[in-house]
Amino acid sequence: MTAEARAKNIKVLIFDVDGVLTDGQIFVIPNAEGHGVEAKGFAAHDGLGISLGRLGGLRIGIITKRQSQTVAIRANDLKLEFIYQGQSHKMTAIKEILAKTGYTIDQLAYVGDDIIDLPVLRQCGLAIATANARKEVKAVAHYVTPNPGGFGGGRDAIDFILTAQGTLEKVIEQYLDESSAAAAASDVGTGNM
């Protein structure tokens with residue numbers, strides 16, 4: 001089955017975070033108490049892509065091994081439906097998501113970049129690797145994004161799915177329509193987190 005054929009069936013899209021929605025760098029800034037404050041950079045293109053994906057009917061979330069207040073803030077700003085942090089074994093969260101939604105594993109796409117993502121990538125309906133992914137991840141992927149994580153790889157995944165489903169252009173026009181209540185409801189936050 002081609003990647004495009006797999007994408008037509010996708011209802012749920014789950015992202016890893018570090019190396020997928022970020023470039024993988026983790027900045028630790030010391031505070032006055034001698035503890036570290038974690039900072040990461042996220043691509044605005046991915047945020048707008050999440051709005052388009054939601055408008056196109058995708059249910060979207062993240063699963064990450066790390067626990068990070070930075071990720072919690074960004075996930076809230078993106079209005080993600082599924083937010084799982086501290087997940088060493090990501091299939092546990094995947095099973096919960098599928099139980100909540102009633103969808104099957106073949107209706108789920110997952111975007112990853114490193115070996116911790118392999119158990120999900122090996123089972124999901126559409127396995128997506130970012131351009132910066134490890135070779136083991138690219139080897140099992142049905143689709144590899146043209147851009148790396150943190151630089152639009154997440155948006156590439158959404159565009160690929162919506163294009164395969166024949167809805168990308170319609171969703172873009174709906175998003176641009178100032179009178180569209182659905183577009184307003186699907187849009188991400190406006191900052192000032």
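Helices here are DSSP runs of H or I with at least four residues, strands are E runs of at least two, and both are numbered from the N terminus. What you have open is a predicted model, in which local features need pLDDT of at least 70, side-chain atom pairs count only at pLDDT 80 or more, and totals for chains, interfaces and linings use all residues. Residues are numbered from 1 along each chain as its sequence is written, and side-chain values use heavy atoms, with hydrogens and water left out.

**First stop: helix H4**

Select residues 90–101, which form H4. At 1.5 Å a residue (times one less than the number of residues), these 12 residues should span 16 Å, and the end C-alpha atoms agree at 17 Å apart.

Now colour Lys 90, Met 91, Ala 93, Ile 94, Ile 97, Leu 98 and Thr 101: they are buried, meaning under 20% relative accessible area, while exposed means over 50% and partly exposed lies in between (1.4 Å probe, protein chains only).

Next, show what covers the buried residues, including strands E1 (12–15), E4 (59–63), E5 (82–84) and E6 (108–112), and helix H5 (118–121).

**Last stop: Gln 174**

Jump to helix H8 (residues 168–176) and pick Gln 174. Gln 174 is partly exposed, at 26% relative accessible area. Beyond its neighbours within four places in sequence, its contacts (heavy atoms within 4.5 Å) are Leu 55, Ser 180, Ala 182 and Ala 183.
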